[in-house]
Amino acid sequence: MERNAPVAPLTYMPGFGNDFETEALAGALPQGQNSPQKCNYGLYAEQLSGSPFTAPRGTNERSWLYRIRPSVKHMKRFSNASYPFWQSAPCIAEHSLPLGQLRWDPPPPLQQTANFIESIRTMTTAGDVLTQTGMAAHIYNFNETMTDDYFCNADGELLIVPQQGTIRVFTELGIMDVEPNEICLIPRGMVFKVSAIGTQSVWRGYICENYGAKFTLPDRGPIGANCLANPRDFKIPVAAYEDKETTCRIHIKWCGKFYVTKIDHSPLDVVAWHGNYTPFKYDLRNFSPVGAILFDHPDPSIFTVLTAPSGEAGTANVDFVIFPPRWVVAEHSFRPPWYHRNIMSEFMGLIQGQYDAKEKGFVPGGMSLHNMMLPHGPDTYGFEKATNSELQPVKLSDTMAFMFETRFPQQITQFAAELETRQDDYHQCWDGLERRFDGTPGLK
Ligand SMILES: O=C(O)Cc1cc(O)ccc1O
Ligand SMILES: [Fe+2]
């Protein structure tokens, strides 16, 4: 028998990193203490710690969960499982691709049924999952809802970036519906499942698996107290639970390996919770960009939505950066990204529309990789256009690109190297950039 808490319409609590409290049944949340001798409704109390107990107050994160069964009843004695396309760092593939800039079209259509977890394909890995440094960039491409299958990633948090189709993410702490142009984050160690919402044939997007310290909001420096991603626009789910006694499977990723265990009930049985270790979602259209309002092109760090620190100040384990719709007004300036080389490694995806440095060839659902110190910048078309156009204020609309930018070089996987949608001719996009220098002065 199923006695599920009602799920629609979904509601959320606003704020980034706040201390929240929520209960799906009245009176389920203990007041004034975390660990009563007996909990209301016969619930079990359990703490989920996302930081060491002793972390400084500003980075100390934990939530208290009041649930039908403690999670020792869900997660014990796992046996081996296999997800051969989900790789972890370090993963140095034996491929023979020349070193250089890389770009892919979207993955080919699915040939079989796959749920969210089964569909994950790793494109790049960086750092080392065992030392909790670095990240992996994955894509997903699924057509089947997870019903009695659940997943838990002990290796890092998952930042999910849908590109096509709305997904429903049911976590231990509640339910989030996430559509393209929104993102969501599932904390390390939290059990969840993903359903497909809507009627299209495929749901696809990108994932950053962050092995390191958690994503947080970047400091704004002289920008001050407002703009960029504002804390109130982060949405945290309210408590919701499943009460079902059917055969369920919990899959776990732990130190780069996969395991599975069978239980006779749902692990999403948290009736009430409080704390600050939570999933969240965020609508990228709420990002308030700040940019050059007179001349020149600032570094893309002004578009950082979330940053995961590495321990070295200003050097991110991974930044999540977007290129949202915006006005471009700079005078006497080359407006698109400049040509550059970077110690950080840049994995990019496109959620919607066009990206100004690469109007053609970089398509929604596609990806590019500009690795540590490898040069890149606008293609020939982008250069010609930006050099010769009249510099009126221009609105870049219908666009949403993003970047996972990490301090560690990104190693491509065998899958990425062999993916049939890899553009073998990508480097030729710069072939038309001819020598313009002729030794005589003058702007050319
Ligand atoms: O390479 C890219 O397209 C991303 C990027 C954008 C930008 O405006 C400045 C630097 C940068 O790396
Ligand atoms: Fe770049």
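I looked up the classes in the shell around ligand 1 and found 7 nonpolar, 3 polar and 1 charged residues, where Ala, Val, Leu, Ile, Met, Phe, Trp, Tyr, Cys and Pro count as nonpolar, Asp, Glu, Lys and Arg as charged, and the others, Gly among them, as polar. The model is predicted, with local features needing pLDDT of at least 70 and side-chain atom pairs pLDDT 80 or more, while totals for chains, interfaces and linings use all residues. Residues are numbered from 1 along each chain as written, chains are lettered from A and ligands numbered from 1 in the order written, and side-chain values use heavy atoms without hydrogens and water.

I then listed the residues surrounding ligand 1, which include His297, Phe323, Trp338, Glu346 and Met403, a residue being near if one of its heavy atoms lies within 4 Å.

For polar contacts (pairs of N or O atoms within 3.5 Å), I noted that an oxygen atom of ligand 1 lies 2.6 Å from a polar side-chain atom of Tyr355. I also found an oxygen atom of ligand 1 at 2.7 Å from a side-chain N or O atom of His340, and one at 3.0 Å from such an atom of His376. The protein covers 97% of the 310 Å² of accessible area that ligand 1 has on its own (Shrake-Rupley method, 1.4 Å probe).

Asp269 counts as buried because its relative accessibility is 1%, the cut-off being under 20% with a 1.4 Å probe and protein chains only.

Terms used
A polar contact is a pair of N or O atoms within 3.5 Å; within protein, one must be able to donate a hydrogen and the other to accept it, and residues adjacent in sequence count only if both atoms are side-chain atoms. Buried means under 20% relative accessible area, exposed over 50%, partly exposed in between (1.4 Å probe, protein chains only).
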